[in-house]
There are 2 protein chains.
Amino acid sequence: MKDAGNVNRLGLPIGGLAKFGADEAMAETETLGYRPLYTQVRDQLVRRLVEGSWSPGMLIPSEMELARQLNVSQGTVRKALDTMTAENLLVRRQGRGTFVAQPEDSRILFQFFRLAPDAGEPAFPQSSVIRCHQTTATDAEAVSLEIAAKSPVWRIERLRSLQAKPVLVETITLPEARFPGFETVKDIPNNLYQLYSKRWGITIAQAEEKLKAIACAAKDAAHLGVRAGEPLLLIGRVARDLEGRPVELRWSRCLTSQFHYAVSLR
Amino acid sequence: MKDAGNVNRLGLPIGGLAKFGADEAMAETETLGYRPLYTQVRDQLVRRLVEGSWSPGMLIPSEMELARQLNVSQGTVRKALDTMTAENLLVRRQGRGTFVAQPEDSRILFQFFRLAPDAGEPAFPQSSVIRCHQTTATDAEAVSLEIAAKSPVWRIERLRSLQAKPVLVETITLPEARFPGFETVKDIPNNLYQLYSKRWGITIAQAEEKLKAIACAAKDAAHLGVRAGEPLLLIGRVARDLEGRPVELRWSRCLTSQFHYAVSLR
DNA sequence: AAGTGGTCTAGACCACGTG
DNA sequence: ACGTGGTCTAGACCACTTA
């Protein structure tokens, strides 16, 4: 209950800046350089995820243990863990502990798949690869992925189906630099984000999508089983890792006669 | 620092159930009937919004004052206020106080308008009413709005433009019962949710949207200045009040050649 | 019974905005 | 200088899970 001034708890080379002064040398508030302790704790813990010392599914130390390790109070650790839980990086289970989120958690599965049937329960789609090859990034791709122009990339084209009916064709672009040895992947799995995590330790933490309505191109029409010109929902997605760097670019052309894209605004 | 067991702080006819037992009669945990104190505080405060004793833009009492009023600690009030802030019901400003959110707050404006130009800054669209009349709900509308079949409703059709270019046609359906005296509204304003708030004390707190791609109907084509059959983005929205009851049904048909619908997945 | 996360409290100090 | 929200701490008790 006595707050004796917080002296330099996490001394490590944290990206941020020092905090409060002690009771004496409290002159420097840095005016702009101020980061709450719990955000510094958060960054320390995110680093453990980035570096892979904490991997998906793993039980992490208890709040008390982390508080001891980092030399802060349990309440501060709690606030850091709460923000990470809100970001879907951790899953907390009362009585059991706190776990690192995995891409196969059912909650996470649908975080990035928003297409649902008009009638019936949402389901995760099956996939079949149409084509997978190495090429160079277009200018637009290079900008979106924040890589140099004409950098080498992998391009995957696949057809996805729900309830055995084709629902979308998607083109996925991956910077080769982030996925060394991609050519050795024999079977491209349905859940790509699980592959990124297991094979390259890349966690997809967030994504932005832009939606448009377009007319179906002849090439896609064959795969989707509709006439060219049919209205399709076009979804452009940039997926980012824990540090906010773009990892994947994806263009999906979706049939929405029996499906819809669901959004909740709050 | 001594926690003496929390006895029945908010005695009011709160929807929930009693909480903990006192030090003696701690036999009843109700097994399922347990609501954290801060959620009860939240419900009390939301009630003030629903009843209108707190209105948009108003400065609400300080945390300390609320803690005294409700006979709980400041920390519990804080947690309740934090959840309400996360729900966009309140706006907190360090050094000034906590305010009731208003529909014209710029942050709130774009909470429910997700269309942005492909190039340039997002802007709020201008509107012109095409038609506004009284009719009865279709079966589908009655289901979505949770009203009786063939209930009287208002139906508004309007054209909205960005940068002086028509971008969408929307059809809005309102249950007459929730909007008494709607016929006296002379000029239907651009920001409808602000009107609902000021005129009927209805706060739109959340909405669900379903998106599809469709072909432009002949009727809409004229207004949007495109050929019939052109691909359009169809957005169906159910907007709900503070208590989660549906208030408004809206179908928008959007031109997305120079605009897109933006979603952030986290 | 032990351990974990979840809630609640009380009090200190800090940063921000206004007078 | 004052009041507000924001952060941090320390300790208590509750609810859930596992052993």
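**Entry 1: a sheet in chain A.** I looked up an open sheet of 3 strands in chain A, whose order is β1-β3-β2 with antiparallel pairing. Here strands are DSSP runs (E, at least two residues) numbered from the N terminus, as are helices (H or I, at least four), and two strands pair if DSSP finds at least two bridges between them. β1 (59-60) and β2 (90-93) of chain A each have a single partner strand and stand at the edges, so one side of each lacks a neighbour in the sheet. I then noted that β1(A) pairs with β3 (residues 97-100) of chain A in the antiparallel sense, over 2 bridges. Ile60(A) has Thr98(A) in β3(A) as its bridge partner.

**Entry 2: the source.** This is a predicted model, in which local features need pLDDT of at least 70 and side-chain atom pairs count only at pLDDT 80 or more, while totals for chains, interfaces and linings use all residues. Residues are numbered from 1 along each chain as its sequence is written, and chains are lettered from A and ligands numbered from 1 in the order in which they are written.

**Entry 3: chain A overall.** I recorded 7 helices and 11 strands in chain A. Buried residues (20 or more other C-beta atoms within 10 Å of their own, with C-beta atoms placed from the backbone) make up 25% of the 266 residues in chain A.

**Entry 4: the two copies.** I found that chain B superposes on chain A by a rotation of 180° with 0.0 Å of shift along its axis (RMSD 0.1 Å), fitted by least squares on the C-alpha atoms of residues with pLDDT of at least 70 in both. That is the relation of a two-fold axis.

Methods
A residue is buried if 20 or more other C-beta atoms lie within 10 Å of its own, exposed if 12 or fewer, and partly exposed in between; C-beta atoms are placed from the backbone.
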